[in-house]
Amino acid sequence: MYDIIILKEGYTHLEPHGTLRACGSITLLKGPRHNIIVDTGNPWDRETLLQGLGAQGLKPEDIHYVVCSHGHSDHIGNLNLFPAAVHCVGFDICRQDEYLLHEFKQGIPYEIDEDVEIWPTPGHTGSDVSVLVKRTNLGTVAVAGDLFECEADLDCPGLWQENSERPHLQQQSRIAVLDVADYIIPGHGPMFQVPPEYKKQMRVIMIMEEHYSSSDMTTRTESPGVQPDDASTSQPTPTSQPKPHVSISP
């Protein structure tokens, strides 16, 4: 069973004069076979990360995999602390200069072991990933990067949509993760439990989605929100994907 240890809780704070303070969450997955870091913060988080590992009796060379959910600077800032680990940055998986050609673009997860998978969850950028950890003492935990900004974005979609490169694709990725996760560690906020009503098929209303009438070409904009929808919808549901047969050993 994996222990889920949040070494740094991500945050976003608006500052005066049009500035923003933000940093992504840093998470340690401590398991019987592998030690995994998910997102490494920014370069100024070096000591925080090292001290957090030390508190768990670990050194950088004890880390087998480092997964960065995407390539933004507040998530990849300390990759160089782990030269011995397998690195997964978005859709790229490598150890030193050896790259694994894995089909994330085809929707196929990468299996680290029987309890940990890396899922392709694009939308915030075109190549985001999330780490799904099964059979923890909390059930299934998704370490999701900026797929979810924070718990509040479940009801305030503008919190994630305004930073999304491909919001309709991110919407589908969010629905897939909500369906299977019991808890989510978001990119910029505390871990939260997935409300039971979000286990149903969801219909996510996009803030700026426009609908045109063929008769008068009038335009309306939907109100923001996420609504349970018991009726059949066109949203995709997660499907079982074939497991990869090739890996890079840490």
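Reader: Is F148 buried or exposed?
Author: This is a predicted model, and the answer is computed from it. The relative accessible area of F148 is 0%. A residue counts as buried under 20%. So F148 is buried.

Reader: How many aromatic pairs does a search of the whole structure find?
Author: F91 and F104 make up a stacked pair. F148 and F192 form an edge-to-face pair. The search of the whole structure gives a count of two.

Reader: What is the angle between the planes of F91 and F104?
Author: A pair of aromatic rings is described by the distance of the centres and the angle of the planes. For F91 and F104, the distance is 5.3 Å centre to centre. The pair is stacked, and the angle between the planes is 25°.

Reader: How many residues apart are F91 and F104?
Author: F91 sits in the loop between β7 and β8 (92-95). F104 sits in the loop between β9 (98-100) and β10. Both residues are buried. The pair links distant parts of the chain, and the separation is 13 residues.

Reader: Why is the pair of F148 and F192 called edge-to-face?
Author: The ring centres of F148 and F192 are 6.3 Å apart. Planes over 60 degrees apart count as edge-to-face. The pair is edge-to-face because its planes stand at 70°.

Reader: Where does F192 lie?
Author: F192 counts as buried, at 2% relative accessibility. Its partner F148 is in the loop between β13 and α2 (158-161). The pair ties together parts that are 44 residues apart in sequence, because F192 lies in strand β15.

Reader: In what order do the six strands form the open sheet?
Author: The pairing in this sheet is mixed. Its edge strands are β10 (110-113) and β15 (192-193), and each pairs on one side only.

Reader: Which residue is the bridge partner of D113 in β11?
Author: β10 pairs with β11, which covers residues 116-120. The two run in the antiparallel sense over three bridges. The partner of D113 is V116.

Reader: Which helix packs on the sheet, and what angle does its direction make with that of β11?
Author: The helix is α3, residues 167-180. It touches β11, β12 (129-136), β13 (139-145) and β14 (183-186). Its direction makes an angle with that of β11 of about 155°.

Reader: Which residue takes a positive phi in the hairpin of β7 and β8?
Author: β7 and β8 run antiparallel and are joined by three bridges. H87 stands opposite C94 in β8. The hairpin has two residues between the strands. The residue with a positive phi, near 60°, is G90.

Reader: What is the phi of D39?
Author: Most residues other than glycine have a negative phi. D39 lies in the loop between β5 and α1 (46-55). D39 counts as buried, at 2% relative accessibility. D39 is not a glycine, yet its phi is positive, about 65°.

Reader: Is Q96 buried or exposed?
Author: Q96 is found in the loop between β8 and β9. Q96 has a positive phi of about 55° although it is not a glycine. Its relative accessibility is 59%. The cut-off for exposed is over 50%, so Q96 is exposed.

Reader: With which residue does the side chain of H70 make a polar contact?
Author: H70 is in the loop between β6 (65-68) and β7 (86-89). H70 is buried, with a relative accessible area of 0%. Leaving aside neighbours within four places in sequence, its contacts include H75, H124 and D146. The polar contact, at 3.0 Å, is with the side chain of S69.

How values were computed
Residues are numbered from 1 along each chain as its sequence is written. This is a predicted model: local features need pLDDT of at least 70, side-chain atom pairs count only at pLDDT 80 or more; totals for chains, interfaces and linings use all residues. Side-chain values use heavy atoms; hydrogens and water are left out. Two strands pair if DSSP finds at least two bridges between them. Helices (H or I, at least four residues) and strands (E, at least two) are DSSP runs, numbered from the N terminus. Contact means heavy atoms within 4.5 Å. Axes are lines fitted to C-alpha atoms, for helices over the stretch in contact, and angles run from 0 to 180 degrees between N-to-C directions. Buried means under 20% relative accessible area, exposed over 50%, partly exposed in between (1.4 Å probe, protein chains only). A polar contact is a pair of N or O atoms within 3.5 Å; within protein, one must be able to donate a hydrogen and the other to accept it, and residues adjacent in sequence count only if both atoms are side-chain atoms. Rings of Phe, Tyr and Trp (its six-membered ring) pair if their centres lie within 6.5 Å; planes under 30 degrees apart count as stacked, over 60 as edge-to-face and the rest as tilted.
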